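Here are my notes for your first look at this one. Have the model open while you read, and go through the points in order.

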Amino acid sequence: MFLAATKGDINTIIGGIAPNWGPFGSLGNEARVMIEVVMAVAILLCLAIAIWGAAKQRIGATALRDTFSAEQGKGLIIAGLTGVFIIGSLGTLFTIVYGMAV
């Protein structure tokens with residue numbers, strides 16, 4: 001008696017959980033690339049904000065002894081990393097919401 005399945009491979013498993021672009025499934029290849037480029041630029045911008053916040057926190061906390069600058073740096077780090085998380089999960093969120101609507 002075999003408990004494991006004999007058919008399929010890893011692509012079957014990965015294909016089942018990978019987003020299939022949901023409402024954007026009918027878009028052309030160029031439109032998908034444009035969406036991916038815009039999302040990549042937004043992620044890079046959010047990472048730059050987080051890095052700027054880390055530098056501001058480090059400089060404000062040690063060199064200048066400026067607590068306001070250090071607190072502002074913490075806010076920028078949190079905002080930048082939250083933006084990266086939200087943008088990174090937009091494809092999955094759109095697919096889930098679209099799947100629930102259908």
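1. Start with Glu 71, which is partly exposed, with a relative accessible area of 48%. On the scale used here, buried means under 20% relative accessible area and exposed over 50%, with partly exposed in between (1.4 Å probe, protein chains only). Lys 74 falls in the partly exposed class too, at 37% relative accessibility. These two form a salt bridge, with their closest N and O atoms 3.4 Å apart. The term stands for a side-chain nitrogen of Lys or Arg within 4 Å of a carboxyl oxygen of Asp or Glu. A search of the whole structure turns up one salt bridge. Both partners sit in helix H3 (residues 67–88), three residues apart, or about one turn of the helix.

2. Before going on, a word on what you're looking at: this is a predicted model, where local features need pLDDT of at least 70, side-chain atom pairs count only at pLDDT 80 or more, and totals for chains, interfaces and linings use all residues. Residues are numbered from 1 along each chain as its sequence is written, and side-chain values use heavy atoms, with hydrogens and water left out.

3. How confident is the predictor? The mean pLDDT (the predictor's confidence in each residue, from 0 to 100) is 75 for the protein, and 69% of its residues reach 70 or more. Among the elements, H3 has the highest mean, 86, while helix H1 (residues 10–17) has the lowest, 52.

4. As for the overall fold, there are four helices and zero strands, giving α-α-α-α along the sequence. Helices here are DSSP runs of H or I with at least four residues, strands are E runs of at least two, and numbering goes from the N terminus. Of the 102 residues, 15% are buried. The protein exposes about 7,900 Å², and carbon and sulfur atoms supply 72% of that; such areas come from the Shrake-Rupley method with a 1.4 Å probe, and for residues only the protein chains shown count as cover.

5. Back in helix H3, have a look at Gly 73. Is Gly 73 buried or exposed? Gly 73 counts as buried because its relative accessibility is 0%. Leaving aside residues up to four places away in sequence, Gly 73 touches Gly 53, Lys 56 and Gln 57, where contact means heavy atoms within 4.5 Å. Ala 50 is 23 residues from Gly 73 in sequence, yet their C-alpha atoms are 8.3 Å apart.

6. Lys 56 also turns up in another pair: its C-alpha atom is 9.9 Å from that of Asp 66, 10 residues away along the chain. Asp 66 belongs to the loop between H2 and H3 and is partly exposed at 30%.

7. Together with Val 37 and Val 41, Val 33 forms a nonpolar surface patch with about 230 Å² of accessible area. Patches take residues with over 30% relative accessible area and no salt bridge, joining like charges within 9 Å and nonpolar side chains (Val, Leu, Ile, Met, Phe, Trp, Tyr) within 5 Å. Val 33 itself is partly exposed, at 40%.

8. Ala 40 is in helix H2 as well, and is partly exposed at 37%. Ala 40 and Val 84 are 44 residues apart in sequence, with 9.6 Å between their C-alpha atoms.
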